[in-house]
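The entries follow in the order in which I looked things up.

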Amino acid sequence: MTTTTDTHCPYCSLQCGMRLATAGSAGTTVVERPEFPVNRGALCGKGQSAAALLGRASRLTTPLVRERGALRAASWDDALDRVARGLSAIRSEHGADAVGVFGGGGLTNEKAYQLGKFARVALGTANIDYNGRFCMSSAAAANRIAFGLDRGLPFPLEDIPRTECLILVGGNPAETMPPALRYFRELRENGGRLIVVDPRRTRTAEQADIHLQPLPGSDLALALGLLHLLIADGLVDQEFVDARTVGFGPARAAAMAHWPERVERLTGVAVARLREVAHHFGEAASGMVLTARGPEQQSKGTDTVSAWINVCLASGKAGRPYSGYGCLTGQGNGQGGREHGQKADQLPGYRSIEDPSAREHVARVWGVDPATLPRTGRSAYELLDSLGGPAPHGLRGLFLMGSNPVVSAPHAAHVTERLRSLDLLVVSDLVLSETAQLADVVLPSAQWAEETGTMTNLEGRVILRQRAVDAPEGVRGDLWLLRELAGRLGAGQGFDDDPETVFEELRRASAGGQADYAGISYDRIRAEDGVFWPCPAEDHPGTPRLFLDSFATPDGRARFAPVTHRPAAEEPDAAYPLHLTTGRVLSQYQSGAQTRRVGVLNAAAPGPFVELHPQLARQLDIEEGELLVVTSRRGRAVAPARITDTIRPDTLFMPFHWPGAGRANTLTNPALDPTSKMPEFKLCAVRVEAARATAPTPAEGPHA
């Protein structure tokens with residue numbers, strides 16, 4: 001007998017609907033679910049092959065503990081007792097803040113919520129953050145500055161085909177979320193115009209009416225130049241600016257210092273092209289700007305996104321139908337993961353941990369004294385950078401759930417050494433990732449199809465993943481794990497392992513917050529194919545479209561930000577004359593811990609590469625497929641050449657999915673945005689040469 005279960009893809013922020021069909025010994029297969037509105041049945045190769053993750057071959061199925069330098073199998077009681085003893089010893093000797101917690105943007109809302117509660121109640125530490133800080137934190141910060149609220153998209157994806165002009169900045173959904181590409185195609189079929197901004201001519205850029213190919217790191221100058229032209233050419237919607245915004249004067253003054261010729265010098269985009277884009281966007285009756293990691297993963301990412309929001313506000317394209325600014329969130333629960341307490345500065349409901357009323361509300365739900373809740377802790381990279389450091393500021397222990405920073409963190413060789421220096425590293429994951437290989441205790445966790453839980457996609461649509469199969473024998477869910485550990489740490493009350501029970505508590509904790517889930521239930525999600533937050537009551541319809549009446553600021557008006565161009569934290573020079581930018585490829589996902597274990601995906605994208613322009617290849621006498629050494633101030637990576645005219649001659653591109661010699665994040669710069677604390681993944685200065693012309697230095701280890 002075949003049983004089918006409605007659920008969602010385990011990968012990106014679209015959270016595409018799918019069905020899992022299970023037929024006894026025949027195993028589990030993915031089946032289309034055409035009625036789910038986000039993807040309408042379409043799935044990319046990762047989604048189609050998702051059932052391969054359920055095989056036992058690559059799974060962790062028993063806890064592991066380190067003895068005499070090696071990991072060995074252990075019982076759950078042995079492993080959990082070791083974790084509890086180790087955490088308690090660190091807290092006793094160094095204080096609660098000497099223990100850190102690092103979460104993931106793929107955790108369900110229930111897990112993210114419970115992990116934040118575990119950190120603050122069971123451990124008493126301020127130091128919790130998650131890898132979503134590396135994803136869309138700059139866009140989140142800019143959203144809150146401008147609109148008073150952060151949701152990836154303020155409108156559903158179905159609105160995209162109905163806008164007249166869309167500018168997509170630094171995003172490549174054709175490879176990162178392929179089912180979404182249909183919305184952009186439909187936009188053009190409806191007569192709309194698609195403009196893509198990207199240093200590479202990606203598969204998405206090839207679909208565009210106009211492709212701007214600026215110098216990496218110049219997105220801020222480009223947006224300022226467009227705002228300058230909107231002002232100079234009389235394309236500002238003054239009625240909208242006067243009625244629904246504040247702060248235009250200082251933003252206008254900043255933009256006027258970025259005249260077209262200056263912007264051409266900074267970006268490499270011709271003045272005529274700048275003016276063409278400004279007029280297309282300014283003259284359209286409706287328009288959208290969408291950003292992704294390109295402009296966001298910079299040390300000036302918040303200001304860059306703010307500059308693009310300014311373009312929307314000045315042209316009257318926000319808070320109106322088929323118009324607005326949005327962020328293409330990356331990770332599966334990158335949105336929900338930052339709403340309910342997994343970030344260093346937040347409590348559930350997107351509340352500030354420094355707000356007395358928020359602390360009181362959440363403490364009441366948790367049954368604790370508000371005074372016992374910690375304050376703001378370190379951001380993700382700051383937390384990783386402090387591992388193993390001396391008291392009182394260094395962390396001696398880390399509990400890590402669903403993340404692989406050995407591959408995904410910037411300056412990754414340094415982060416690897418910091419992880420090695422800990423007194424205790426505990427990793428909960430479904431596979432033995434590169435980070436888990438360094439751990440003192442490894443705890444095998446259930447995954448998407450083996451447990452039930454909610455996710456929040458890039459639209460702010462709360463959806464329900466439903467358990468379709470049993471976890472392998474010996475594997476436990478993360479909610480069970482947190483309950484067991486909390487009990488061993490003397491905080492057993494209030495940590496349930498039933499996901500719906502945890503979600504009911506999350507509803508109460510989020511009630512009255514910006515990300516208000518109080519009116520959302522499992523039954524309602526099933527009946528409505530998801531519910532958009534905020535949804536403060538069970539009779540509330542949810543909020544697919546934000547800001548149509550007012551913005552979420554105290555006076556209901558959006559805020560312009562008076563930002564100006566500044567260089568990247570690290571610009572090319574004589575020693576490192578090229579830009580390096582990083583990103584994803586179609587058949588891999590994030591650190592590759594899952595996708596590198598799926599045969600069909602690994603065959604399509606088996607390893608790292610260095611993309612470079614033919615002109616640069618000729619200059620350096622490099623041939624297609626030849627091993628190259630890319631060197632930055634932080635280390636070197638080795639990967640074969642991929643020669644293509646789709647990239648700028650002054651720029652290299654490397655995907656970041658692989659560990660070892662080809663690890664792109666060995667090279668990347670951890671310089672942080674001062675507001676969002678986003679590292680500058682998207683650009684650093686490098687040099688490149690053929691491997692035949694170089695020799696490794698003795699200091700380089702296996703992760704160099």
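This is a predicted model: local features need pLDDT of at least 70, side-chain atom pairs count only at pLDDT 80 or more; totals for chains, interfaces and linings use all residues.

**Helix α4 and what covers it**

I began with helix α4, where I found Ser-137, Ser-138, Ala-139, Ala-140, Ala-141, Ala-142, Asn-143, Ala-146 and Phe-147 to be buried, buried meaning under 20% relative accessible area, with a 1.4 Å probe and protein chains only. Helices here are DSSP runs of H or I of at least four residues and strands are runs of E of at least two, both numbered from the N terminus. The helix spans residues 137-147 and is mostly covered, with nine of its eleven residues buried. I then looked up what those buried residues pack against, and noted α12 (293-296), α13 (301-314), β13 (324-327) and β22; contact means heavy atoms within 4.5 Å. After α4 comes Gly-148, whose phi is positive, near 80 degrees.

Residues are numbered from 1 along each chain as its sequence is written, and side-chain values use heavy atoms, with hydrogens and water left out.

**Helix α15**

Next I turned to helix α15 (residues 356-366), in which Ala-358, Arg-359, His-361, Val-362, Ala-363 and Trp-366 are buried. These buried residues pack against α3, β14 (346-347), β15 (351-352) and α20 (499-510). Just after α15, I noted that Gly-367 takes a positive phi of about 70 degrees.

**Strand β8**

I asked how many residues of strand β8 are buried. Five of the five residues of β8 (165-169) are buried, so the strand is largely enclosed by the rest of the structure. In a regular strand the side chains alternate between the two faces of the sheet. In β8 I found Cys-165, Ile-167 and Val-169 pointing one way, and Leu-166 and Leu-168 the other way.

For its partners I used the rule that two strands pair if DSSP finds at least two bridges between them. Five bridges join β8 to β9 (residues 193-197), the two running parallel, and within β9 the bridge partner of Val-169 is Val-197. With β12 (residues 287-291), β8 also pairs in the parallel sense over five bridges, and there Leu-166 has Met-288 as its bridge partner.

**The seven-stranded sheet**

I then traced an open sheet of seven strands, which has mixed pairing and the order β5-β4-β18-β17-β16-β6-β7. Its edge strands are β5 (70-73) and β7 (128-130), each of which pairs on one side only. The twist averages 20 degrees from one strand to the next. Strand β4 (residues 64-67) is joined to β5 by four bridges, and the two run antiparallel; Val-65 stands opposite Arg-72 in β5. Helix α3 (residues 109-123) packs on the sheet, touching β6 (99-103), β7 and β16 (397-401), and its direction makes about 170 degrees with that of β6.

**Helix α10 and its two neighbours**

For helix pairs I noted that axes are lines fitted to C-alpha atoms, for helices over the stretch in contact, with angles running from 0 to 180 degrees between N-to-C directions. Helix α7 (residues 219-232) packs on α10 (residues 260-267) at about 160 degrees, with the axes 9 Å apart, which makes the two roughly antiparallel, a term for angles over 145 degrees. The contact is made by Ala-221, Leu-222, Gly-225, His-228 and Leu-229 of α7 and by Pro-260, Val-263, Leu-266 and Thr-267 of α10.

The axes of α10 and α11 (residues 271-283) come within 9 Å and cross at roughly 110 degrees, which makes this pair roughly perpendicular, the term for 65 to 115 degrees. Here the contact is made by Pro-260, Glu-261, Val-263 and Glu-264 of α10 with Val-271, Leu-274 and Arg-275 of α11.

**Backbone exceptions**

Most residues other than glycine have a negative phi, and most peptide bonds are trans. I looked for exceptions and found that the bond from Trp-533 to Pro-534 is cis, with omega near -5 degrees; Pro-534 is in the loop between β21 (531-532) and β22 (558-559). His-411 has a positive phi near 50 degrees and lies in the loop between α17 (405-408) and α18 (412-420).

Terms used. Angles under 35 degrees count as roughly parallel, over 145 as roughly antiparallel, 65 to 115 as roughly perpendicular and the rest as oblique. Buried means under 20% relative accessible area, exposed over 50%, partly exposed in between (1.4 Å probe, protein chains only).
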